[in-house]
Amino acid sequence: MSYPTCMDHLEVLREKIARLRAEIAHIQELNEQYRLGHGNIAEAQVAHGQRHERLEAIQQELAQLSALGRKVVSVEQMREKHRSRLHLVKQAS
């Protein structure tokens with residue numbers, strides 16, 4: 001599998017975060033329904049526990065994405081410095 005050389009890593013991270021936000025919003029809606037007490041009590045409790053576990057997993061994933069995002073920004077900043085230096089060297093030539 002090959003990846004495009006000019007892949008926009010920040011955009012990929014933004015899209016992933018947007019999907020996680022949508023999932024969180026959906027979980028919040030389901031939790032609101034749970035609080036209102038609709039449906040089978042036992043099934044509702046199991047589903048509520050599963051949603052809670054998923055929210056914890058999302059929290060861990062967001063922490064990892066945050067660290068990755070900092071690395072991507074750092075790499076982009078280094079590339080930009082390198083481009084600036086090359087531009088200065090070309091101008092001096």
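Visitor: Among contacts in the protein between residues at least 6 apart in sequence, what percentage join residues at least 24 apart?

Guide: The model is predicted, so local features need pLDDT of at least 70 and side-chain atom pairs pLDDT 80 or more, while totals for chains, interfaces and linings use all residues. Residues are numbered from 1 along each chain as its sequence is written, and side-chain values use heavy atoms, leaving out hydrogens and water. Of the contacts (heavy atoms within 4.5 Å) between residues at least 6 apart in sequence, 74% join residues at least 24 apart. The protein has 2 helices and 0 strands, taken as DSSP runs (H or I, at least four residues; E, at least two) numbered from the N terminus.

Why does Asn31 count as buried? Its relative accessibility is 10%, and buried means under 20% (1.4 Å probe, protein chains only). Beyond four places in sequence, Asn31 touches His48, Arg51 and Leu55. With Arg51, the side chain of Asn31 makes a side-chain polar contact at 2.6 Å; such a contact is a pair of N or O atoms within 3.5 Å, one able to donate a hydrogen and the other to accept it, with residues adjacent in sequence counting only if both atoms are side-chain atoms.

Across the protein, buried residues make up 12% of the 93 residues.

Note on methods: Buried means under 20% relative accessible area, exposed over 50%, partly exposed in between (1.4 Å probe, protein chains only).
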